[in-house]
Structure formats: C-alpha cells, structure tokens
Amino acid sequence: MNVSEMMTWKEFRAALVANPLLDLQFQYAEDKWVSPSYHITELKYAPITSVDCGGVVNKWTEVIIQLWEPENQQQLKSMKVRKAISIIELVEKSLTIEADAVVKVEFGNQEYDTRQLLPKAFVKDEENCIIDLRPDVTQCKAIERGGSCGTTPAGEECCAPSAVKPKIQLKNLVTQEGNSCEPGSGCC
C-alpha cells in the first residue's frame with residue numbers, strides 16, 4: 001500500500017481543527033455532492049495485516065469515517081466542521097487512533113454504490129470546507145518493491161514467494177530386510 005500518497009489521521013484532523021466555523025461538505029465525484037443532510041454515523045478503526053502475492057507481510061491501520069445520507073433531505077446546509085470535530089473527540093474518548101493511520105470515507109447512496117473513498121484534498125472558500133473524495137485503486141505490492149506484475153526477462157514471476165523453498169531429501173527408514181510394510185504384505 002502506497003501510504004505516502006494517502007492522507008493520515010493527523011493531517012485530516014488538523015485540517016478540520018483549522019476550520020471549525022466552515023460548513024463541512026463532501027464531493028464524491030466530479031459535480032457529485034453528499035447531501036447536506038448527511039450524518040457521520042461512525043468511525044471505524046481497522047488494523048490491517050495482509051500477505052501479498054510475493055509472500056510479504058504488510059501492516060497498516062485505517063480510520064474509516066462512515067457517512068449516511070438519509071432518504072429525506074432534512075436540511076439545506078451541511079454540518080459545521082466543529083460538529084464533526086465534536087464527533088471525533090467523542091470517538092477519541094473511547095479509541096486511541098494512530099496519527100499515521102490512513103483515512104478513508106465510506107459513502108454510498110441510491111445513485112452511487114457504497115465504497116471507501118480517499119480524501120484527496122481539502123478545498124476551502126469563505127463558507128465551506130470541502131473534502132474532495134476519490135476512489136482508491138488496487139495495486140500490486142510487488143511492483144512497489146521494484147518487481148513487476150508478470151514474468152521478468154529472467155522468466156521469474158513477480159508473484160512468486162520471495163524465498164526459494166529448500167528441497168527435502170527422503171530417506172528410507174527401513175534398517176532390516178523384511179521390516180517394511182508394503183501394500184499387499186498384510187502388515188497394515
């Protein structure tokens with residue numbers, strides 16, 4: 001996972017704290033906005049451990065902010081950033097969140113299938129703090145380590161285990177003749 005391109009919890013939280021009086025809005029695609037009636041329903045804290053196609057163990061932590069858009073629009077203006085901060089502070093009373101955790105926003109509505117999106121930027125104007133969300137992409141960690149997703153010129157697969165398994169030599173444990181059990185001998 002290329003964590004360096006993703007927003008950390010520390011960066012995300014600091015951007016909110018710097019703008020408490022602005023309206024908090026989320027843009028989930030070009031010219032597509034989460035309804036101003038949205039609710040922050042929960043924050044999920046997810047320590048991830050994975051093993052990639054090359055057999056390498058990877059670990060990181062994600063904070064997933066879930067947004068829910070009610071069917072009936074209940075308000076015309078989005079919540080203030082300070083309200084989102086109060087929800088975060090409430091969560092942080094029960095949960096210690098690592099500063100370098102990757103932030104994702106989980107959202108979906110009747111027009112947009114639920115998915116986890118990455119905050120790519122905070123855009124501010126006089127009244128609004130807009131979090132520009134974009135879909136995450138899948139990736140091959142072998143490529144990130146300098147490998148490739150296919151066969152190398154040497155004929156090696158990038159997704160092969162990183163260490164070659166040793167060959168096992170089989171030994172005959174029978175020490176005396178007639179002291180073996182073979183199919184049809186009646187010993188088994």
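Predicted model: local features only at pLDDT ≥ 70, side-chain atom pairs only at ≥ 80, totals over all residues.
Residues are numbered from 1 along each chain as its sequence is written, and side-chain values use heavy atoms, with hydrogens and water left out.

Now for the fold. Seven strands make up an open sheet with mixed pairing, in the order β2-β1-β7-β6-β5-β4-β3. At the edges sit β2 (32-33) and β3 (39-51), each of which pairs on one side only. Helices (H or I, at least four residues) and strands (E, at least two) are DSSP runs, numbered from the N terminus, and two strands pair if DSSP finds at least two bridges between them. In general, strands of a sheet pair through backbone hydrogen bonds, either parallel or antiparallel. Take β5 (residues 102-109) and β6 (residues 112-124): they run antiparallel and are joined by four bridges. Within β6, Leu117 is the residue that stands opposite Val105.

Next come the helices. Helix α1 (residues 9-17) lies across β1, β3, β4 (57-68), β5, β6 and β7 (128-135), and runs at about 60° to β6. Helix α2 (residues 81-94) also packs on the sheet, where it touches β1, β3 and β7, and its direction makes about 50° with that of β3. Contact here means heavy atoms within 4.5 Å; axes are lines fitted to C-alpha atoms, for helices over the stretch in contact, and angles run from 0 to 180 degrees between N-to-C directions.

Which residues of α1 are buried? They are Trp9, Phe12, Ala15 and Leu16. Looking down the axis of α1, you find these buried residues within an arc of 135°, so they line one face of the helix. That arc is taken over the directions from the helix axis to the C-beta atoms. As for the cut-offs, buried means under 20% relative accessible area, exposed over 50%, and partly exposed in between (1.4 Å probe, protein chains only).

Back to the charges. Arg13 and Glu92 meet through their side chains in a salt bridge (2.9 Å, N to O). This pair links distant parts of the chain, with Arg13 in helix α1 and Glu92 in helix α2, 79 residues apart. Arg13 counts as partly exposed because its relative accessibility is 22%, and Glu92 is partly exposed at 26%. Another salt bridge brings together the side chains of Lys104 and Asp136 (3.3 Å, N to O). Lys104 is in strand β5 and Asp136 in the loop between β7 and α3 (141-144), so the pair ties together parts that are 32 residues apart in sequence. Lys104 is buried at 7% relative accessibility, while Asp136 is partly exposed at 26%.

Finally, have a look at Asp23, which lies in strand β1 (residues 23-29). Its relative accessibility is 2%, so Asp23 counts as buried.

Key:
Salt bridge = Lys/Arg side-chain N within 4 Å of Asp/Glu carboxyl O.
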